[in-house]
Amino acid sequence: MSSIINIRDINKTYRSGFEALKCINLDINRGEIFALLGPNGAGKTTLISIICGIVNASAGSISADGFDIEKDYRQARSKIGLVPQELTTDAFETVWATVRFSRGLFGKAANDAYLEKILKQLSLWEKKDAKIRELSGGMKRRVMIAKALSHQPLILFLDEPTAGVDVELRRDMWEMVRDLREQGVTIVLTTHYIEEAEEMADRIGVINKGSIILVEEKCELMSKLGQKTLVIQLQSAIANIPTSLEQYSLELSSDGYDVKYRYDMQQDDNGIAALLADLNLAKLQVKDFHSSQSSLEDIFVNLVHSADKPAT
Amino acid sequence: MNWYGVKAIYFFEMARAWHTLMQSIASPVLSTSLYFVVFGSAIGSRMGEIDNISYGAFIIPGLVMLSLLSQSISNASFGIFFPKFSGTIYEVLSAPVSPFEIALGYVGAAASKSIILGLITLLTARIFVDYSIAHPFWMLIFLILTSVTFSLFGFMIGIWADDFQKLQIIPLMIVTPLTFLGGAFYSITMLPEPWQSITLFNPVVYLISGFRWSFYDVADVNIVLCIAMTLTFLALCLGGIYWIFKTGYRLKS
């Protein structure tokens, strides 16, 4: 798959000396949904702001659809739509006026039929003559999406698009994002809701303290880094794990009935058969068992925490 | 050139003036009219002529200039400050518009509003005082040059200001005193030395003097010098705007 955004050796050091981004190299594929995850202050918004031209990079280069964002900024920016994290709207303007303004600003001739289509898709058509300050938070978020889409961008940046949005609207937005992807729009989203990335993204990048620590296909990431846990329920409670089972690093629940065994899905021999045999030898009778897979959230937390740990 | 972008900014700003008609047009016209009533009709009728011009007519160019300067600065500074304050500036900065086009849109709209306001003020003055315009072409040139120059100046103030107090401080503490002391209500030849020489360092003197010359063919300062000073100030403002966008001062981190 060809890439639509190429980020090479991007650094950003603020005047205060704070190094927000450290040698970022990243390719975003054409037509994909890419989720950029990271804790607060990791550099997600700074990176997006540099790509969109709002913040100057200290070093490095970026191209969007083959155009350098500095030298060919007109072509590059005309391909990009941005929905920022903050609800920043022209409070005293109508929905229609502000969306028309956005289209013109991005160098496109007026096209009321297209704007009508967008507003209808976002359930904003009924509110087109309403002043933005009269709208709810969720509706304002939709207005910002409509503004970002008004010039038919090839690449859409969604910076925390569903922050503070109710569940129903969040689902609607996910639907809309998928529709846009179907239409060929490349979507880069940052989110605090790991569930959102898990639900929508094709690929996931994790950024922490200004460095990209991982970029991976979501499915591959889940299978590669995801662990499975087997919970074995015993017939009778035990006080301690028998020493003969130490090699399995089992965890015992506080009531002494459940034993947890974590195993790697990638390994051919996951050790379950041997564990069950050893349980039998240790005269522990199994009543029931079930397995569960770690979520993207668990993977993310593990990645960020291991990156935070000092090298030994 | 992204003409659609320039047009979008220009008409968006002009529409904002239309939404706030009372504040944008009615309020400055009313306050200038009060000057005409008080200084032109009431006090002016008891004052002698200056350069063979009735006092009421003499102060018209100065009052129009006073209104023009304050409105140009206020329109342009607020035009760019408000998106910064509300955060919507992100859209302008991320759009395929050059710094020149951004300035053209905002400054063009601010200058247009000031010119319209200046012309309305002139028409309103006619209700109270009889006056003539000796050089209509140059009157329009001064009107446009001053509006554009001070809109550029206001645009810079709007970018520099990071709170509402800073937005007001230069217009109120510097521009208004300079205008009042720049011969809006008197001829600078009426000042004793050394004030007459000191006042020549006030750039507004040249704007008012040149504008008054276009009305009555009399000026405190040589008209060529007036035009040269106006163009110099315009060039300085253009240079300032160029530097702001080149460095991203107070716009980009």
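Chain A has ten helices and 14 strands, counting as helices the DSSP runs of H or I with at least four residues and as strands the E runs of at least two, numbered from the N terminus. This is a predicted model, in which local features need pLDDT of at least 70 and side-chain atom pairs count only at pLDDT 80 or more, while totals for chains, interfaces and linings use all residues. Residues are numbered from 1 along each chain as its sequence is written, with chains lettered from A and ligands numbered from 1 in the order in which they are written.

As for overall shape, chain A is more spread out than a compact globule, because its radius of gyration is 24 Å, well over the 20 Å that the globule rule gives for 312 residues (taken over C-alpha atoms; the rule is 2.2 Å times the number of residues to the power 0.38). Along the principal axes, its C-alpha atoms fill a box of roughly 80 × 45 × 40 Å. Of the 312 residues in chain A, 37% are buried, meaning that 20 or more other C-beta atoms, placed from the backbone, lie within 10 Å of the residue's own.

Strand E8 of chain A (residues 186-190) is a well-covered piece, with five of its five residues buried. A:Thr186, A:Val188 and A:Thr190 sit on one side and A:Ile187 and A:Leu189 on the other, and both faces are covered. E8(A) pairs with strand E7 (residues 155-159) of chain A in the parallel sense over five bridges, pairing being called when DSSP finds at least two bridges between two strands. Here A:Asp159 has A:Thr190 as its bridge partner. Strand E3 (residues 33-37) of chain A also runs parallel to E8(A), joined by four bridges, and A:Phe34 is partnered with A:Val188.

Turning to the interface, 28 residues from chain A meet 23 residues from chain B, a contact being two C-beta atoms, placed from the backbone, within 7 Å. On the chain A side, H3(A) gives the most, with five residues. That side divides into 14 nonpolar, eight polar and six charged residues (nonpolar: Ala, Val, Leu, Ile, Met, Phe, Trp, Tyr, Cys and Pro; charged: Asp, Glu, Lys and Arg; polar: the others, Gly among them).

Over in chain B, B:Val97 lies in the loop between helix H4 (89-93) and helix H5 (99-128). B:Val97 counts as buried because it has 26 C-beta neighbours inside 10 Å. Leaving aside neighbours within four places in sequence, its contacts include A:Leu105, B:Asn2 and B:Ile102. B:Trp3 is 94 residues away from B:Val97 in sequence but 9.0 Å away in space, C-alpha to C-alpha.

Note on methods:
Buried ≥ 20, exposed ≤ 12 C-beta atoms within 10 Å, placed from the backbone.
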